[in-house]
Amino acid sequence: MDFDSLDKEIVACRKCPRLVAWREEVAHTKRKAYQDWEYWGKPVPGFGDHKARVLVVGLAPGAHGSNRTGRQFTGDGSGSFLYPALYRAGFASQPDATNRDDGLTLHNLFITASGRCAPPGNKPTSEELNNCQPFLRREIEMLKPKVIVVLGRVAFERILKIYSIRNSKWKFAHGALYQLENGTWLLCSYHPSQQNTLTGKLTVKMFDEIWIKAKELMSND
Ligand code: SF4
């Protein structure tokens, strides 16, 4: 299995009827500001360096963000906070992420999500996340990352599930750091959603510290 085959499989997936209906309805009705766009309206594959040592796991596509553009964190408020931070840390070639052809490349970092289809209210169900989990598992198997950065509690719990970790001392908190049995680091960050960034729950400084830490961890042997 390689990334191209996996991406094709992801993009063709229709396993969750509720999400298939929602992603396609949003793509059809569109937001007023994006009436000229041809929305992606399909599952969104991972994006980045296929030799990355850092894997970033988010929640799920935004209805008018990556469900519109077809690339992780591209075209919405979360991405406008994430990519400048990745650029400052040297993981991204540019701070802007507007569409799939904007020239953005990532170095040593790969971005993916717990769920690949935009969910109503940004809330996928457990069943939908379970349906989608094999895609994330396969990306992890192919990348063998040294560091996994989880953006938000849902991604944290998904990683615990994939690695069968039932340690009640492992709790999600911004900046929390754990080491998996295989040596991979698990670093937690608040999700860069506008709900967090506009309220000051997640500041630029707090977010920059996450990427500095990720760099440090990926460079240590
Ligand atoms: S959320 Fe995942 S499993 Fe469900 S339809 Fe989308 S790609 Fe398939």
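How many salt bridges does the count come to?

Reply: The count comes to nine salt bridges. A salt bridge here is a side-chain nitrogen of Lys or Arg within 4 Å of a carboxyl oxygen of Asp or Glu.

The model is predicted: local features need pLDDT of at least 70, side-chain atom pairs count only at pLDDT 80 or more, and totals for chains, interfaces and linings use all residues. Residues are numbered from 1 along each chain as its sequence is written, and side-chain values use heavy atoms, with hydrogens and water left out.

Two conventions come up throughout. Helices (H or I, at least four residues) and strands (E, at least two) are DSSP runs, numbered from the N terminus. Buried means under 20% relative accessible area, exposed means over 50%, and partly exposed is in between, with a 1.4 Å probe and protein chains only.

Start with Arg14 and Glu24. They form a salt bridge, with the closest N and O atoms 2.9 Å apart. This pair links distant parts of the chain: Arg14 is in the loop between α1 and α2 (17-29), Glu24 is in helix α2, and they are ten residues apart. Arg14 counts as exposed, at 53% relative accessibility. Glu24 counts as partly exposed, at 34%.

Next come Arg71 and Asp102. Their side chains meet in a salt bridge of 2.7 Å, N to O. Arg71 lies in the loop between α3 (66-69) and α4 (77-88), and Asp102 in the loop between α4 and β3, so the pair ties together parts that are 31 residues apart in sequence. Arg71 counts as buried because its relative accessibility is 5%. Asp102 also counts as buried, at 18%.

Lys213 and Glu216 make another salt bridge, at 3.2 Å, N to O. They are three residues apart in helix α8 (residues 204-219), which means that about one helical turn separates them. An α-helix has 3.6 residues a turn, so residues three or four places apart point the same way. Lys213 is partly exposed, with a relative accessible area of 29%. Glu216 is partly exposed too, at 38%.

Now the charged residues without a partner. Lys and Arg count as positive, Asp and Glu as negative; His and the chain ends are not counted. Asp7 lies in helix α1 (residues 3-11). Asp7 is buried yet has no salt bridge, and the nearest side chain of opposite charge, Arg116, is 6.3 Å away. Contact means heavy atoms within 4.5 Å. Leaving aside neighbours within four places in sequence, Asp7 is in contact with Pro45 and Gly46.

Arg116 also belongs to the ligand's surroundings. The residues around the ligand are Cys13, Lys15, Cys16, Leu19, Pro43, Arg116, Cys117, Asn131, Cys132 and Phe135; each has a heavy atom within 4 Å of the ligand. Helix α5 (residues 126-143) gives the most to this shell, with three residues.

Arg158 is the other case, in helix α6 (residues 153-162). Arg158 is buried and has no salt bridge; the nearest side chain of opposite charge, Glu157, is 7.1 Å away. Not counting residues up to four places away in sequence, Arg158 touches Ser114, Ser126, Leu129, Asn130, Gln133 and Leu136.

Phe172 lies in the loop between α6 and β5 (177-179). Phe172 counts as buried because its relative accessibility is 12%.

Most residues other than glycine have a negative phi. Lys144 has a positive phi of about 50 degrees although it is not a glycine. Lys144 is found in the loop between α5 and β4. Lys144 is exposed, with a relative accessible area of 65%. Just after α6, Ser164 also takes a positive phi of about 50 degrees.
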